[in-house]
Amino acid sequence: MPYRTIIEPFRIHSVEAIDFPDLPQRQAALDRAGYNLFGLHADEVIIDLLTDSGTGAMSSEQWAGMMRGDESYAGSRSFYRFEAAIQKITGYSEIIPTHQGRAAERILFAAIVSAGDVVPNNTHFDTTRANVEYQDAEARDLVIAEGRDPSVLHPFKGNMDIDALEATIAEVGVDRIPFVMVTVTNNSGGGQPVSMENLRAVRAVCDRHDLPLILDACRFAENAWFINQREPGYEDVSPLEIAQEMFSLAHGCTMSAKKDGLANIGGFVAMNNPEVAQQCRNLLILTEGFPTYGGLAGYDLEAIAQGLEEVLHPEYLRYRIRSTAYLADKVHAAGVPVMRPPGGHAVYLDAKGLLPHIPAHAYPAQALAVELYRNGGVRGVEIGTVMFGKPVADGPDEPAPMELVRLAIPRRTYTQSHIDYVAEVVIDVAAEAESIGGYRIVEQPPWLRHFTARFEPI
Ligand SMILES: *Cc1c(COP(=O)(O)O)cnc(C)c1O
């Protein structure tokens with residue numbers, strides 16, 4: 001097309017009203033929730049960027065698929081459509097549905113991870129790490145150094161550090177490594193992509209040591225688009241063909257269909273190894289359901305099968321990745337510090353850069369997230385010392401490496417004017433940065449405190 005404006009590649013068929021709580025209502029909600037945005041009710045939020053997981057809009061074809069859902073307990077037609085859709089993209093023969101990504105992780109890891117093992121990954125997502133540790137194994141993050149610096153520009157900040165992987169294998173020994181995992185895109189590292197060259201290099205190391213390679217494939221389509229846009233030799237290769245090549249370099253995958261499945265719930269584990277698949281199915285029957293539905297309704301299987309087809313359309317991916325970059329570029333141009341280059345599914349504001357007067361133990365990213373909500377009803381999430389710092393008895397917390405506020409963009413849900421509004425709120429709040437104060441925690445549970453801790457302004 002000759003025109004530069006990238007339009008939403010859909011028109012709106014059904015709408016959901018937004019609530020507009022006013023400032024006193026937002027302040028009352030903050031007081032009730034103890035300044036923890038996880039405690040807000042959805043009708044107290046104007047624009048909800050808490051997560052991109054399961055929060056996207058489904059297409060009319062997905063809803064039509066849901067009407068076709070076959071709820072047969074065994075051998076549902078919808079399962080065979082789901083299986084065929086995944087086989088087409090991954091090439092794997094064994095397809096096992098689960099109710100979401102973490103169930104796929106728990107089942108695969110219960111089958112093949114043993115106590116004392118070490119699992120290398122570019123960066124484990126939090127549920128992936130927790131499920132590795134639940135097997136009394138160690139989850140080790142080996143992303144390249146550029147991936148740990150918010151301001152360094154690099155096209156593939158999600159890449160695995162190949163030397164560090166070799167060093168880990170030499171140190172631990174192949175017997176204690178059940179598999180190597182690569183997360184595409186690297187969610188916990190800012191939604192940054194992994195290059196095909198890096199995947200190939202990881203696979204070569206795995207082959208040398210006879211280790212399986214498993215993809216955490218939640219955002220495989222967004223990763224494929226970054227490869228198409230940034231990796232030499234892939235500019236004329238379709239997202240589907242790129243995805244097929246990515247999966248061909250691995251032996252299996254875990255997946256949350258709440259991300260690039262474009263569905264509200266679901267997941268799967270897939271592989272070529274029939275023996276491991278049999279072990280997984282045995283566990284599946286114990287905790288999720290029969291192997292042709294695995295904790296999902298037949299209509300969910302339909303929605304995912306159709307979503308996996310739509311997510312690889314180039315018009316969708318161009319719009320998706322560009323709309324995330326649009327918000328990041330807009331606030332960056334106004335001088336707000338932000339992680340760069342922008343990743344696929346979220347914009348990360350750098351609260352340490354914006355609020356240098358607030359020390360880590362007074363939670364600068366929490367303070368920024370609260371201010372975005374108080375001023376504009378925009379809900380993001382703190383990714384800093386509240387989430388990853390360590391409480392110390394009688395002293396300030398051990399700080400997290402970065403103090404970020406993540407604004408995750410739900411798929412096909414908000415329009416450009418919603419995003420313009422978010423940018424305006426961010427820029428407005430940033431202009432008053434010196435007047436923003438820190439917080440102290442008044443109540444916290446022993447683990448995963450970010451979900452339920454209560455705060456008060458200092
Ligand atoms: C969301 C996610 C998971 C877990 O999936 P759920 O469906 O939330 O259980 C695992 N890995 C990555 C990279 C994710 O983004």
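**Salt bridges and other features**

Analyst: D48 has a relative accessibility of 23%, so D48 counts as partly exposed. Keep in mind that this is a predicted model.

User: Where is the line between buried and exposed?

Analyst: Buried means under 20% relative accessible area, and exposed means over 50%. Partly exposed lies in between.

User: Which residue forms a salt bridge with D48?

Analyst: A salt bridge needs a side-chain nitrogen of Lys or Arg within 4 Å of a carboxyl oxygen of Asp or Glu. D48 forms one with R379, and the closest N and O atoms are 2.8 Å apart. D48 lies in strand β1 and R379 in strand β10 (residues 378-379), so the pair ties together parts that are 331 residues apart in sequence. R379 is buried, because its relative accessible area is 6%.

User: How many salt bridges does the structure hold?

Analyst: The structure holds 26 salt bridges. One of them joins the side chains of D70 and R77, at 2.9 Å from N to O. D70 has 9% relative accessibility, so D70 counts as buried. R77 has 58%, so R77 counts as exposed.

User: And what is the N to O value for R322 and D329?

Analyst: Their side chains meet in a salt bridge at 3.2 Å, N to O. R322 is partly exposed at 33% relative accessibility. D329 is partly exposed too, with a relative accessible area of 31%. Salt bridges can also share partners: D52, R219, E222, D260, R320 and R411 are joined into one network that way.

User: Now helix packing. At what angle do α4 and α10 pack?

Analyst: Look at the angle, the distance between axes and the handedness. Helix α4 (residues 101-112) and helix α10 (residues 274-287) pack at an angle of about 125°. Their axes are 9 Å apart. The two helices are therefore oblique to each other. The crossing of α4 and α10 is right-handed.

User: Which residues form a nonpolar patch on the surface?

Analyst: F38, W447, L448 and F451 form a nonpolar patch there. Together they have about 470 Å² of accessible area. Take F38 as the example. F38 sits in the loop between α1 (23-32) and β1 (47-48). At 30% relative accessibility, F38 counts as partly exposed.

User: Next, the backbone. Which peptide bonds are cis?

Analyst: Read the omega angle of the bond. The peptide bond from V184 to T185 is cis, with omega near -20°. T185 lies in the loop between β5 (180-183) and α7 (196-209). A cis peptide bond also joins R340 and P341, where omega is about -15°. P341 is found in the loop between α12 (314-333) and β9 (346-350).

User: Are D210 and L262 buried or exposed?

Analyst: D210 has 70% relative accessibility, so D210 counts as exposed. The place of D210 is in the loop between α7 and β6 (213-216). L262 is buried, with a relative accessible area of 6%. L262 is placed in the loop between β7 (252-256) and β8 (267-271).

Definitions and conventions: Residues are numbered from 1 along each chain as its sequence is written. This is a predicted model: local features need pLDDT of at least 70, side-chain atom pairs count only at pLDDT 80 or more; totals for chains, interfaces and linings use all residues. Side-chain values use heavy atoms; hydrogens and water are left out. Patches are made of residues with over 30% relative accessible area and no salt bridge: like charges are joined within 9 Å, nonpolar side chains (Val, Leu, Ile, Met, Phe, Trp, Tyr) within 5 Å. Accessible areas come from the Shrake-Rupley method with a 1.4 Å probe; for residues, only the protein chains shown count as cover. Helices (H or I, at least four residues) and strands (E, at least two) are DSSP runs, numbered from the N terminus. Buried means under 20% relative accessible area, exposed over 50%, partly exposed in between (1.4 Å probe, protein chains only). Axes are lines fitted to C-alpha atoms, for helices over the stretch in contact, and angles run from 0 to 180 degrees between N-to-C directions. Angles under 35 degrees count as roughly parallel, over 145 as roughly antiparallel, 65 to 115 as roughly perpendicular and the rest as oblique. A crossing is left-handed if the near helix is turned anticlockwise from the far one by less than a right angle, and right-handed if clockwise.
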